[in-house]
Amino acid sequence: MRLARYDNGRIGVVTAGGIVDVTDAAGVDPLAWPPIDPTRLVADFDRLRPALERAAAEGTPVPVSQVKLLTPIPWPNKVVAFPVNYHAHGAEMGAGYRATNQGFFLKPNSSLSGAGEPVVLPDLPGREVHHESELGIVIGKTARNVARADWKDYVFGYACLLDMVVRGREERVARKAYDTFCPVGPWITTADEVPDPTALRMRLWVDEELRQDANTKDLVLDIPGMIEMASAVMTLYPGDIIATGTPEGVGPVVAGNKIRIEIDHCGEMIVDVVQGTGGRASMFEEPYQLVKKA
Ligand code: MN
């Protein structure tokens with residue numbers, strides 16, 4: 001099933017004919033704050049699935065192009081992200097470590113945005129904001145000390161994810177924390193519709209230029225390893241999102257660009273890049289430019 005969130009927070013199932021509103025069957029109040037109902041939907045999905053399927057079959061599809069796609073899970077417990085998880089990206093960054101021995105960091109939930117929302121560049125003279133094309137994993141069940149062999153039991157689904165970043169040497173979390181720096185979408189594809197997540201082609205274009213073209217089979221710390229490592233440290237909850245790391249080919253975006261990410265079985269997400277007015281912070285006053293090593 002392809003589960004989307006759209007317009008003012010409605011829940012839809014994306015079918016061949018378009019998006020069908022299943023908000024009531026999902027038990028989601030679009031206007032509730034904090035917006036935790038989509039998180040609860042993931043936790044209760046097995047129970048709700050028959051009602052969602054019925055609503056999707058009976059409802060009237062609307063073309064996806066006529067709705068505004070939002071981030072599917074706006075209020076997860078956390079977004080876990082793995083740095084330097086493809087060897088060729090490690091080489092281009094000149095990084096002497098990999099996710100296997102470095103571990104992970106967290107992106108703030110407030111950085112989440114959706115396919116229908118632009119990436120807003122902060123006003124940081126002398127700095128580049130880069131795209132990182134990543135497979136996003138949505139956790140489906142409470143997970144603690146998961147053994148490698150059991151990883152599939154804990155995955156709800158997959159989505160395209162952009163880990164946007166201000167290049168520099170400052171604290172990684174701060175550079176990756178701006179609002180709209182974590183687009184996820186265009187929807188969540190449930191795990192049963194992704195036959196082999198360990199071998200997904202993932203591509204990213206900026207306007208018409210192909211910048212990143214990789215396959216999840218080249219991950220350094222693989223998907224079972226990421227779930228094992230993260231759940232060894234902390235409890236993963238339904239709705240938690242894992243950004244699995246970017247392959248080589250990261251690069252700057254500027255206002256007016258369109259970023260297009262496409263992952264096998266997960267669909268295609270296109271987000272506009274616009275220039276914002278705020279966001280200056282003293283740690284970013286020093287100019288910096290990434291010089292790729294390879
Ligand atoms: Mn990343």
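Residues are numbered from 1 along each chain as its sequence is written, and side-chain values rest on heavy atoms, with hydrogens and water left out. Because the model is predicted, local features need pLDDT of at least 70 and side-chain atom pairs count only at pLDDT 80 or more, while totals for chains, interfaces and linings use all residues.

The manganese ion has Glu-132 (OE), Glu-134 (OE) and Asp-163 (OD) as its protein donors, at 2.0 to 2.2 Å. Donors here are N, O and S atoms within 2.8 Å of the metal (3.2 Å for Na, K and Ca); water is not among the atoms, so sites may look incomplete. Along the chain, the donors of the manganese ion are spaced as E-x1-E-x28-D. Glu-132 is buried, at 4% relative accessible area, and Glu-134 is buried too, at 1%; buried means under 20% relative accessible area, with exposed over 50% and partly exposed in between (1.4 Å probe, protein chains only).

Next come the strands, which are DSSP runs (E, at least two residues; helices are H or I, at least four) numbered from the N terminus. Two strands pair if DSSP finds at least two bridges between them. Strand 1 (residues 2-6) runs antiparallel to strand 2 (residues 10-15), with 4 bridges joining them, and Arg-5 stands opposite Ile-11. These two strands form a hairpin with 3 residues between them, and Asp-7 in the turn has a positive phi of about 50 degrees.

A cavity is a set of points on a 1 Å grid over the protein atoms alone where a 1.4 Å probe fits but cannot get out, and lining residues have an atom within 4 Å of a point. Grid points are joined across faces, edges and corners, and a volume is the space filled by probe spheres set on the points. The largest cavity has about 70 Å³ of space, and its lining includes Arg-5, Ile-11 and Phe-156. Strand 1 and helix 2 (37-43) each give two or more residues to this lining. Domain 1 (2-67) and domain 2 (71-277) both contribute to the lining, so the largest cavity lies between them; the domain bounds come from an automatic or database assignment. The second largest cavity has about 40 Å³ of space, and Arg-5 is among its lining residues, as are Gly-9 and Asp-29.

Notes: 1 Å grid on protein atoms, 1.4 Å probe; cavity = no way out; pocket = protein on both sides within 12 Å on 5 of 7 lines; lining within 4 Å.
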